[in-house]
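The following questions and answers walk through selected local features of one model, with the cut-offs given as each term comes up.

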Amino acid sequence: MNAAASKPAIVAVLMERSIGIGLLGAGTVGGALVRRLVGESDAIAAKTGLTFDVRRIGVNDLERERDFEVTEGLLTDDPFEVVNYPTVALVVEVMGGKDPAGDLILAALEAGKPVVTANKELIASRGPELIAAAERAGVPLLFEAAVGGGIPIIRPLSETLAGERLDRVLGIVNGTTNYILTQMAEEGASYAAALAAAQELGYAETDPTADVSGADAAAKAAILASLAFGTWVGVEDVYAEGIEDLTAVDMSFAAEFGYVVKLVAVCERTADGVSARVHPAMIPLDHPLASIRGAMNAVFIEGVAIESLLFAGPGAGGEPTATAVLGDVIDAARETLAGAQVAPRIRFSPGDLVPFADIQTRWYVRLQVDDRPGVLAQIASGFGDAGVSIRSVWQEGVDDEAALIVVTHSAPEASQREAIASLRKIDEVIEVASVIRVLGTNP
Ligand SMILES: NC(=O)c1ccc[n+]([C@@H]2O[C@H](COP(=O)([O-])OP(=O)(O)OC[C@H]3O[C@@H](n4cnc5c(N)ncnc54)[C@H](OP(=O)(O)O)[C@@H]3O)[C@@H](O)[C@H]2O)c1
């Protein structure tokens, strides 16, 4: 169907007293959304003048118990039925995953129906295609909940700050890893013990890979970078390193040197182009992100005129995420009710992506070495030969072994790696025990 032609019909459906919602997914976020739409309908109507009615909900398992009232015919296990249902005027996708969510969203947009989604994985991989489909159809595609859960960050980046020249966005965008790292830093817990605690509290899945490997944060970094810089950065362009190799020993060295270790999404624009990466990093204790503890999330934005902004709050959880989804639902309904062709909220221009190997990074390197004369000189020349200069060295000897900590100046990532490779060839180097990138300029 021609989307533009179907638009007046959708507006007519929206102008009914109650706006028909089709929900794809009724799990953590979808369930909270239904409860809110039902339980707080009067308050929503009083504040916005809009009333909503959930007409169809697509789920996997029709027999599963739901924590909202299920009326006859409300649930279906055919998600396309939700999208195509005649009185569904607005589609909310909270089922997750790339398939079939992507095709469902395209089908809704092509039918001229506004779409709200919380799906970071899908937006980070098929964003331009979906955004272009929404633009063609002249309807909104909103995804505030895709990054930072309940923290408003997509709308500030793509609308409020649309006229600002942004240079850098730093984010703690995964609550599971931030909880684990907080436990390690503050309680001296091992990675395994902190992960087990996170699982017990429901912060981490039974299979925590997507969180601890940095993959979840990489999808969010791709979205943040794309919106901040207006050049598309896909999830495949984001370098991602997880937290699995971090140790409590490095956490306590970090604290001694005035840092805290966080899993950080770093999105940057330099003269060479734009980049996005996710890795553990030492952050100076006086940086605003250093105080983001537990499962909290935060995004720190640096721009020419605004200097810096901090957005912080609950980055996940059914209730806070449902707030973000509901805000988009209200926004999409208002915009569509206005009847006009919806102007695109973001356009992407071609731009250079800086390869990770060329990114300037600073490293903290902890080595276990034989405590013999001359070893320091060999290590210094290992760094020097790779073009990396050393900012500070700290040494502590135990018997005839020593722990040696080197913090470098900025150098291209490729040079830092070359230096580490050459250190591994020095006989007196027993082990390169850990490497962690350093943000900021503390000693
Ligand atoms: N949870 C959070 O804190 C959070 C925060 C921000 C963003 N998000 C995003 O929000 C989305 C939903 O997350 P969630 O935590 O609510 O997930 P969830 O609890 O696993 O719920 C997924 C829902 O989708 C349904 N579903 C899955 N595949 C389906 C299919 N092929 N056909 C029909 N129904 C299907 C499931 O049905 P059944 O109930 O029958 O199994 C379930 O109701 C994801 O994109 C996630 O990344 C979540």
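Predicted model: local features only at pLDDT ≥ 70, side-chain atom pairs only at ≥ 80, totals over all residues.

Q: Over how many bridges do strand 9 and strand 10 pair, and in which sense?
A: Two strands are taken to pair if DSSP finds at least two bridges between them. Strands of a sheet pair through backbone hydrogen bonds, either parallel or antiparallel. For strand 9 (residues 259–270) and strand 10, the count is 12 bridges and the sense is antiparallel.

Q: In strand 10, which residue is the bridge partner of Y239?
A: Y239 falls within strand 8 (residues 239–240), which pairs with strand 10 in the parallel sense over two bridges. The bridge partner of Y239 in strand 10 is R277.

Q: In strand 17, which residue is the bridge partner of M282?
A: Strand 10 and strand 17 (residues 429–438) run parallel and are joined by two bridges. The partner of M282 in strand 17 is V438.

Q: How many residues of strand 10 are buried?
A: Buried means under 20% relative accessible area, exposed over 50% and partly exposed in between, with a 1.4 Å probe and protein chains only. G273, S275, R277, H279, A281 and I283 point one way from strand 10, while V274, A276, V278, P280, M282 and P284 point the other way, and all are buried. For strand 10 (residues 273–284), the count of buried residues is 12 of 12.

Q: Which residues lie nearest the centre of the second largest pocket?
A: A pocket is an open set of points on a 1 Å grid over the protein atoms alone, where a 1.4 Å probe fits, with protein on both sides within 12 Å along at least five of seven lines, and lining residues have an atom within 4 Å of a point. Strand 9, strand 10 and strand 13 (360–370) each supply at least two residues of the lining. Of the 18 lining residues, those nearest the centre are E268, R277, I359, Q360 and T361.

Q: Is E307 buried or exposed?
A: E307 lies in strand 12 (residues 307–314), and its phi is near 65°, a positive value in a residue other than glycine. Most residues other than glycine have a negative phi, and most peptide bonds are trans. Because its relative accessibility is 60%, E307 counts as exposed.

Q: Which backbone oxygen does the side chain of S158 reach, and at what distance?
A: S158 is found in helix 7 (residues 154–160) and is buried, with a relative accessible area of 10%. Leaving aside neighbours within four places in sequence, S158 is in contact (heavy atoms within 4.5 Å) with L227 and R345. The side chain of S158 reaches the backbone oxygen of I154, at 2.7 Å.

Q: Which residues does the cis peptide bond join?
A: P100 is found in the loop between strand 4 (90–93) and helix 5 (101–110). With omega about 0°, the cis peptide bond joins D99 and P100.

Technical notes
Residues numbered from 1 in each chain as written. Heavy atoms only, no water. Helix = DSSP H or I, 4+ residues; strand = E, 2+ residues; numbered from the N terminus. Polar contact = N/O pair within 3.5 Å; in protein donor to acceptor, adjacent residues only side chain to side chain.
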